[in-house]
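Hello,

Please find the structure below. My notes on the sheet and on the packing of helices follow.

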Amino acid sequence: MGLLDLIFPPRCGGCGRLGQDFCELCATSLEPVAVTSLHGILLVAAGRLSGPLQRAIHTYKYRPRPQLAGRLADPLSRAALAAGLTLPALSFVPLHPHRQRERGFNQAERLARRVGASLRVPVVGGLTRLRPTPAQVGLGQAERQVNVAGAFRWTAPEPPPHGLGLVDDVCTTGATLDAVARVVAEAGGSIGAFLVLAVAQTLPAVAVT
Ligand SMILES: [Zn+2]
């Protein structure tokens with residue numbers, strides 16, 4: 001804890017209580033989510049998009065409070081370990097440069113770096129968002145697919161690895177994750193698992209072997 005935290009103790013992004021960025025009560029109140037499959041790729045989530053987790057993600061992205069990544073990444077790392085994933089590297093859903101400049105950081109990248117440190121796997125960049133996609137909020141699945149079609153490209157000189165873990169903050173319909181997985185496959189790599197903080201809808205559970 002730094003000096004500033006003593007003078008201005010942080011407020012919990014989930015419940016507003018003073019003391020921690022994301023308090024123990026909120027951290028233990030996450031609704032667990034079974035490992036699911038999205039277009040044949042495992043989807044691991046720290047919790048459901050509801051209650052304190054939903055409020056904390058909103059605070060993290062829109063207030064914005066980049067330091068919340070540290071606490072929010074913990075349950076995601078635990079979910080990845082519990083799912084028994086072995087991933088050679090992690091990557092993250094990119095923001096368009098304009099959006100990133102506005103926000104000051106990429107929320108998915110910060111999470112990926114924390115989860116990568118916990119799981120001891122490297123984080124690789126390489127994905128680029130080619131155009132600023134309008135906000136997905138309020139759109140249905142078909143509209144979201146159109147919204148993100150052609151929005152991403154793998155721009156690193158070396159091809160993406162196989163079995164890459166792709167990190168994002170929220171999975172709503174999966175349109176973004178699916179669009180990125182296609183781009184990674186076209187570039188010669190593959191996604192081994194999607195890792196998200198929260199899922200917004202119920203997807204069918206799959207047995208993990
Ligand atoms: Zn709290």
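The protein chain has a mean pLDDT of 90, and 92% of its residues reach 70 or more; pLDDT is the predictor's confidence in each residue, from 0 to 100. This is a predicted model, in which local features need pLDDT of at least 70 and side-chain atom pairs count only at pLDDT 80 or more, while totals for chains, interfaces and linings use all residues. Residues are numbered from 1 along each chain as its sequence is written.

Confidence is lowest in helix 1 (residues 3–7), with a mean of 66, and highest in strand 3 (residues 90–92), at 98. Helices (H or I, at least four residues) and strands (E, at least two) are DSSP runs, numbered from the N terminus.

The sheet: five strands form an open sheet with mixed pairing, in the order 1-2-7-6-3. Two strands pair if DSSP finds at least two bridges between them. Strand 1 and strand 3 are at the edges and have a single partner strand each, so one side of each is left without a neighbour in the sheet. On average, neighbouring strands are turned by 35° against each other, direction ignored.

Strand 1 (residues 36–38) and strand 2 (residues 41–48) run antiparallel and are joined by three bridges. Leu 38 stands opposite Ile 41 of strand 2. The hairpin of these strands has two residues between them, and His 39 takes a positive phi near 50° there. Strand 2 runs parallel to strand 7 (residues 191–199), with six bridges joining them. Gly 47 has Ala 198 of strand 7 as its bridge partner, and Arg 48 stands opposite Val 199.

The helices: helix 4 lies across strand 2 and strand 7, at about 135° to strand 2. Angles run from 0 to 180 degrees between N-to-C directions, and axes are lines fitted to C-alpha atoms, for helices over the stretch in contact. Helix 6 packs on the sheet and touches strand 3, strand 6 (164–171) and strand 7, its direction making about 130° with that of strand 6. Contact here requires C-beta atoms, placed from the backbone, to lie within 7 Å.

Helix 4 (residues 68–82) and helix 6 (residues 107–119) also pack together, at an angle of about 50° and with axes 8 Å apart. That makes helix 4 oblique to helix 6 (under 35 degrees is roughly parallel, over 145 roughly antiparallel, 65 to 115 roughly perpendicular, the rest oblique). Residues making the contact include Leu 72 and Leu 76 of helix 4, and Leu 111 and Val 115 of helix 6.

Regards

Definitions and conventions: Contact = placed C-beta atoms within 7 Å.
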